[in-house]
Amino acid sequence: MSTLTQPIQGMSDITGAEVRLWRWMEETARGVMTRYGFEELRTPLMEHESVFVRSIGDTTDVVQKEMYVFEKGGRRYCLRPEGTAGVMRHAAGLGPQETDGARWFYLGPMFRCERPQAGRKRQFHQCGVECLEAPSPVVDAEILALQMDLLQAWGLKNLAIHLNTRGAAADHAPAAAALRAALAPHEAELCEDCRRRIGQNVLRVLDCKNEPCKAVVAGLPALTSFMSQESRDYLDAVASHLSVMGVPYMIDPLLVRGLDYYEHTIWEIVGTAAGSQSALAGGGRYRIRLGERELCGVGFAIGMERVAAALEEAGLAAAHGAAVPLDLWLVGLGDAAREANLALMRSLRAAGLSCRMAPGGSMKSQMRAANKSGARFALIRGEDELAAGTANLKNLATGEQETLKTEAIEQRIQAISAAAAPTAASGEPT
RNA sequence: GUGAAAGUAGCUCAACUUGGUAGAGCACUUGAUUGUGGUUCAAGUCGUUGCGGGUUCAAAUCCCGUCUUUCACCCCA
């Protein structure tokens with residue numbers, strides 16, 4: 001295929017059963033988040049590059065290697081690689097009265113120029129929330145509960161919350177320095193990547209997958225032991241609030257999250273999905289300074305592709321991807337019947353019924369089209385029926401057919417349609 | 001950014017090793033039934049073998065490049 005018929009690498013068209021599943025996921029998410037008092041916020045897909053450089057951190061891989069950056073009219077823009085920074089950019093332009101206690105959620109595409117693989121696309125989709133209430137372990141625990149409720153509303157099971165803390169901002173530098181000092185005697189035992197990490201991103205040594213590195217890390221004191229009492233108490237408080245709410249979790253002292261803006265609580269939610277992308281979602285408490293405003297909040301993001309894959313694996317996707325059948329397929333033989341059906345379709349649709357017809361063709365081909373469409377009923381009219389003022393309504397599932405008077409058609413179809421399965425709720429694109 | 005595998009009809013795949021007219025199933029169209037779908041039977045359509053170049057009398061097949069997909073790193077949701 002050529003560039004004219006293929007999407008860009010790592011980006012894909014979402015169609016058919018997949019798009020129906022996604023709409024259901026989005027509607028379900030809106031429902032859950034609304035019950036927690038969150039309002040939808042739609043920020044642009046493009047921002048000034050600096051919005052992300054400031055908040056995510058200019059040494060992170062996301063900023064250094066993965067952002068789609070381009071220049072236009074002397075300004076540098078980028079496609080958003082995540083959702084939090086844009087929401088904070090919005091908040092920073094508002095006054096404190098409008099941001100204190102704000103609860104926003106978002107749903108939409110993000111862009112990172114990484115090498116694609118299972119559960120990782122260059123255009124991917126996240127569902128996330130940001131809560132700007134005054135920092136408190138209570139709020140963090142509530143947000144975690146929300147996230148688990150949402151994942152469970154989608155039907156996911158066997159999820160594990162891995163909970164940890166980055167500590168208060170004042171603890172970051174001392175903790176990193178202490179970790180470097182603790183690792184120094186073992187440098188020769190570490191892998192090449194980890195020796196590089198000591199200088200650049202020392203926390204990443206903690207979650208290295210190589211056995212020798214794991215052995216070294218296992219012998220180190222917990223990272224929290226390098227933090228202040230306040231930081232340890234904060235984590236304990238979050239854990240205890242989770243217990244009160246009955247939300248299961250596990251403390252994972254080796255959990256690391258890469259973006260610079262996190263402080264205190266951080267977490268990931270891991271599913272059982274195959275492959276290396278088992279993290280379905282992540283979140284944490286953060287502090288972001290943009291312009292004159294410094295904003296503290298807590299939030300999470302869920303990878304929609306990964307959730308969809310998990311639903312697929314659990315056998316839950318098919319039910320939500322099923323097409324809603326048409327109420328009716330109109331079959332007409334001859335010009336007069338076709339014109340009559342054309343007019344009838346308009347009033348049926350105005351009445352809320354879904355219907356289609358073929359522009360022509362034999363009785364057989366029209367009936368085949370009706371069958372193939374999955375419509376519940378076929379309405380059949382030819383010269384004879386028009387002359388007699390009637391139409392034949394056939395139930396395509398049972399083969400039963402009844403003859404109706406023309407003036408009774410619409411009412412009868414309404415009644416039958418209402419008795420059948422209700423049509424799916426409407427959804428909005430994102 | 002690093003390392004590896006794959007791409008043939010609308011779909012799932014065969015033919016590639018050892019170069020010699022590109023095939024099957026499903027799907028699709030039509031007919032058996034001149035006004036009734038699904039099942040059955042019969043016939044038919046279906047391709048610039050991802051794209052571009054090279055080797056050769058001859059390339060789906062061998063070689064090079066490129067695009068895309070997949071997998072593992074890196075990183076992240």
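A: In chain A, 69% of the contacts with a separation of 6 or more are between residues 24 or more positions apart, a contact meaning that two C-beta atoms, placed from the backbone, lie within 7 Å. This is a predicted model, in which local features need pLDDT of at least 70 and side-chain atom pairs count only at pLDDT 80 or more, whereas totals for chains, interfaces and linings use all residues. Residues are numbered from 1 along each chain as its sequence is written, while chains are lettered from A and ligands numbered from 1 in the order in which they are written.

The chain has 16 helices and 16 strands, these being DSSP runs numbered from the N terminus (helices H or I, at least four residues; strands E, at least two). Its C-alpha trace spans about 95 × 50 × 45 Å along the principal axes.

The part to examine is an open sheet of five strands with mixed pairing, in the order β13-β12-β14-β15-β16, where strands pair if DSSP finds at least two bridges between them. Its edges are β13 (355-357) and β16 (401-405), each of which pairs on one side only. Neighbouring strands are turned by 25° against each other on average, direction ignored. Strand β12 (residues 328-332) runs parallel to β13 and is joined to that strand by three bridges, and leucine 328 has cysteine 355 as its bridge partner in β13. Helix α13 (residues 335-350) packs on this sheet, touching β12, β13 and β14 (377-381), and its direction makes about 160° with that of β12; axes are lines fitted to C-alpha atoms, for helices over the stretch in contact, with angles from 0 to 180 degrees between N-to-C directions.
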